[in-house]
Structures are given as structure tokens and as C-alpha cells.
Amino acid sequence: ETFYNLEELKWAVEAARSVAKDHPLIAQVTLKYEGDEGFKGLQPAEVYQTLANWDVDVVGVNCCTGPVGVLEAIKLMAPVATKPLSAFPNAGLPQVKQNRLIYMATPEYMAEFARRLGQAGALLIGGCCGTTPEMIQEMKRYLKALRPGKKIDTIRAQVEPQDKVVSQEPTP
């Protein structure tokens with residue numbers, strides 16, 4: 001889920017840990033990136049240090065206003081990271097085209113940022129709002145070039161209408 005508020009994220013982490021004591025737990029936050037002005041509100045390195053003190057296994061960033069904001073956050077988190085970093089950018093902000101909201105990012109654009117996220121220190125890389133299966137496939141292809149010979153699994157979640165994950169299965 002996308003969390004803008006650390007207190008709400010803390011409640012979610014505590015709830016998840018209470019029912020999933022032996023499972024890996026990822027805590028990701030959304031940050032407001034303003035381009036040249038940097039981050040407004042929560043600051044990436046400070047957020048990382050807070051989340052890393054919780055009972056989680058991976059700390060990261062998701063959503064934001066696209067891959068650029070997530071990349072900038074990962075760059076600021078990496079120097080203080082003691083736990084693995086995750087990065088799940090959205091496909092940018094959607095635009096209205098013929099009365100539909102359309103994400104303008106291409107699979108190649110998302111893949112290039114996946115490569116940059118990996119180079120910046122993210123070990124778990126995926127996508128948030130607007131990310132398509134084609135984007136994930138291209139991201140996987142680009143990431144394989146960073147670590148030749150290592151197997152990269154794609155996790156596909158099946159989601160019920162209430163956005164509740166019912167299963168996760170690695171794909172070949």
C-alpha cells in the first residue's frame with residue numbers, strides 16, 4: 001500500500017508483523033519530490049533511519065510522482081542503509097486523453113529507471129500505479145544486464161476487488 005504518513009505505516013507494520021511473524025516484511029513510504037527543490041515534508045535519509053529501526057526486513061520507496069522521485073530518494077537512502085532497499089515507482093502522473101487517465105511512461109522508460117535504481121542500491125525493484133506487465137518484463141530484461149548469471153524472479157500478485165493480496169507466485 002502507499003503510505004504518506006509514518007504513523008499509519010507503523011500501525012500497518014505492527015499489524016502485519018503480528019500475523020506474519022516469520023515472513024519477510026517490507027516497509028515502503030511515498031515521498032513528495034519537487035524536482036530542483038528536493039523533497040517536501042519527509043526526507044529520505046531520515047525516513048530510512050526511522051523505518052530501519054522497526055521490525056522490517058526491507059525499507060524503501062513506492063509511488064511518488066514517477067521514477068525520478070524514487071531514484072532521488074534511493075540515492076539519499078543508500079549511504080545510510082543497513083537493510084536492503086526497495087524501489088517501486090509509479091509510471092508517472094496520468095494524463096487525461098479522450099476522457100481516460102493514461103500513464104505516459106513506456107516500458108523502456110521504466111526499464112531504464114529500474115537499471116538506475118539497481119545501480120543506486122535498490123535490491124528489490126518493481127512498479128506501482130500505472131505499471132503494466134510489459135513494463136515489468138522490460139525492467140527484468142534491463143536488470144538482468146546488471147547481474148548476468150543471477151536469476152531474477154518476477155512476483156505476480158493476484159488481487160481481489162478490495163485490493164487484498166490473496167496469493168503470490170514466482171513465475172519462471
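This is a predicted model: local features need pLDDT of at least 70, side-chain atom pairs count only at pLDDT 80 or more; totals for chains, interfaces and linings use all residues.
Which side chain meets glutamate 34 in a salt bridge? The partner of glutamate 34 is lysine 32, and the two side chains come together with an N to O distance of 3.4 Å. In total, the count of salt bridges comes to 8.

Let me turn now to arginine 17. Its side chain forms a salt bridge with that of aspartate 55, at 3.1 Å from N to O, and this pair links distant parts of the chain, since arginine 17 belongs to helix α1, residues 6–19, while aspartate 55 sits 38 residues away in the loop between α2 (44–52) and β4 (58–63). A second salt bridge joins the side chains of arginine 17 and aspartate 57, here at 3.2 Å from N to O. Because arginine 17 lies in helix α1 and aspartate 57 in the loop between α2 and β4, this pair ties together parts that are 40 residues apart in sequence.

Are these residues buried or exposed, or something in between? Arginine 17 has a relative accessible area of 11%, which is under 20%, so arginine 17 is buried. Aspartate 55, by contrast, is partly exposed at 48%, and aspartate 57 also counts as partly exposed, with 36% relative accessibility.

How values were computed. Residues are numbered from 1 along each chain as its sequence is written. Side-chain values use heavy atoms; hydrogens and water are left out. A salt bridge is a side-chain nitrogen of Lys or Arg within 4 Å of a carboxyl oxygen of Asp or Glu. Helices (H or I, at least four residues) and strands (E, at least two) are DSSP runs, numbered from the N terminus. Buried means under 20% relative accessible area, exposed over 50%, partly exposed in between (1.4 Å probe, protein chains only).
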